[in-house]
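I set out to record, entry by entry, what I looked up in this structure. The entries follow the order in which I consulted the model.

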Amino acid sequence: MPDIRVKAASFICALSAICLFLWLIISAKIALIIFAIGLLTYLFNHIVWLHKLHLWFKSPVLKEIPEGSGAWEDVFTSLLQYERNNLANQAQLSSALERFNLTANTIPDGLVILSPSNEIEWCTPHAENQLGLNISTDKNLPIVNLIRDSQFIAYLYNENYCEPFKLKSWQNPEVIFEVQLIPFESKQKLLICRDMTQLEKVDLMRRDFIANVSHELRTPLTVVGGFLETLTDMEGAVPDNLKSYFAMMQEQTGRMRRIIEDLLTLSTIESNSEAPDDIEIDMTSLLKTLQKDALGLSQGLKKAKHKVQLDADPSLYLVGAQDELHSAFSNLVSNAVRYTPTGGEILISWNLMNEQPVFAVRDSGIGIEQQHIDRLTERFYRVDRGRSRETGGTGLGLSIVKHILIRHQAKLEISSEIGIGSTFSVVFPKARVAHKQDVKT
Ligand code: ADP
């Protein structure tokens, strides 16, 4: 098909040829008049089609595209083709969207898409049921206006979404959801909400079972331990050849008692879903206590002696539950003492790093091989069982630390090198920095 420029040029050439012929056989005047009339008709024709095109654009219905003539036939044919492609693309897009919606609706978890400023952009019907949302009225509203749980709000603003968050349904407090936020694209977030009620019930039964067993074992163990101690202390009660057995029995009952105490601590922390009672903790004085305890422990062990140093920013306070955090930090410090040979160095530090408050314990101890690091916080996971037992370990210390840190939205980072030493760092969210004062050291 000749293009529009060829068509226009052919018309002008044909008109010029006719007028030239008329000039030759009739007169120049008549030829010019006919040329002018020809051009005017041509122009008028264009104006008419342009007007029709303009009218069509006002209500662009595919079926009503004018057919056009001459060069305009090509214009309208191209427009028709373009519109048809457009409609086909739109149909494809809406069917893809419909399929996506159908698929998303079959996922048993609730899905919500949040804008960079945490407004609801889209959600599935399951999310509407679980979180009590209504997309037709709640679209573009901030999610914190609709889910008012203070811990959820802290989780959302902390921007540390490695671990999921447990949320009680406000419609039915017995229903527990696990909420996980996944950032994507330019700071948008996908919120996944999973009903964990059944799993939580099973977990509760497990926790209750462990707590009950530990509780039941505590009394008989105390009695056995007490009698062993009394017998050992009684002059002549234990024959000399049996004394070593009695010492072993005492050691093992002591170990069992420590395990039971740790199991009870763990189940208390795990079953306590309430937010910790936060206060502003004076970390400098807490670090001094930790140093004193570490030196005490170091001297208590056979021959072991360590250098324990502090590096704390005195103006930096931490918002958290003092007793829980003290227990977590002291677990890390006691591990550093127990896994660092005589003469080793331990540094306990408390500083801001990348604007986040970090508590760290660095030791020059035996170190940990890379493949064990991810598993250290599992219950009863030990790299070297013998050494753990020898130094009075229960294998539960780091599990307790992990649970306490989860309650404070903090994370444990471990770096270690065999024979060089390990660093256990607790990174707290910025929101847990209390205040900076001009404190003199
Ligand atoms: P345990 O009571 O056995 O010390 P933890 O849960 O406190 O139990 O620690 C788990 C394991 O991690 C330990 O058994 C030990 O192998 C390893 N570990 C912890 N802290 C250190 C450290 N500072 N240096 C070397 N290994 C460590």
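This is a predicted model: local features need pLDDT of at least 70, side-chain atom pairs count only at pLDDT 80 or more; totals for chains, interfaces and linings use all residues.

**Entry 1: strand β1 and its partners**

I found five bridges that join β1 to strand β5 (residues 188-195), and the two strands run antiparallel.

**Entry 2: burial of β1**

I then sorted the side chains by direction. Gly110, Val112 and Leu114 point one way from β1, whereas Leu111 and Ile113 point the other way, and all are buried. In a regular strand, side chains alternate between the two faces of the sheet.

**Entry 3: the ligand and its shell**

Which residues are closest to the ligand? I found 20 residues around the ligand, the closest being Arg338, Tyr339, Ser388, Thr394 and Leu398.

Tyr339 places a polar side-chain atom 2.7 Å from a ligand oxygen. For Thr394, a backbone N or O atom lies 2.8 Å from an oxygen atom of the ligand. For Leu398, I likewise recorded a backbone N or O atom at 2.8 Å from an oxygen atom of the ligand. On its own the ligand has 530 Å² of accessible area, and the protein covers 98% of this.

I noted that the space taken by the ligand is the second largest pocket. I then asked which elements supply the shell: α11 (322-338), α14 (397-407) and β12 (421-427) each give at least two residues. The largest share, three residues, comes from α11.

**Entry 4: Thr340**

I located Thr340 in the loop between α11 and β9 (345-353). Thr340 is buried, because its relative accessible area is 3% and the cut-off for burial is under 20%. I also recorded that the side chain of Thr340 reaches the backbone oxygen of Ala336 at 2.4 Å.

**Entry 5: Asn145**

Finally, I looked up Asn145, which is found in helix α6 (residues 143-146). I classed Asn145 as partly exposed because its relative accessible area is 41%, which falls between the 20% and 50% limits. As a check on distance, I took Asn145 and Leu266, which are 121 residues apart along the chain. The C-alpha atoms of Asn145 and Leu266 are separated by 34 Å.

How values were computed
Residues are numbered from 1 along each chain as its sequence is written. Side-chain values use heavy atoms; hydrogens and water are left out. Buried means under 20% relative accessible area, exposed over 50%, partly exposed in between (1.4 Å probe, protein chains only). Helices (H or I, at least four residues) and strands (E, at least two) are DSSP runs, numbered from the N terminus. Two strands pair if DSSP finds at least two bridges between them. A residue is near a molecule or strand if one of its heavy atoms lies within 4 Å of it. A polar contact is a pair of N or O atoms within 3.5 Å; within protein, one must be able to donate a hydrogen and the other to accept it, and residues adjacent in sequence count only if both atoms are side-chain atoms. Accessible areas come from the Shrake-Rupley method with a 1.4 Å probe; for residues, only the protein chains shown count as cover. On a 1 Å grid over the protein atoms alone, a cavity is a set of points where a 1.4 Å probe fits but cannot get out, and a pocket is an open set with protein on both sides within 12 Å along at least five of seven lines; lining residues have an atom within 4 Å of a point. A molecule sits in a cavity or pocket if more than half of its atoms lie within 2 Å of its grid points.
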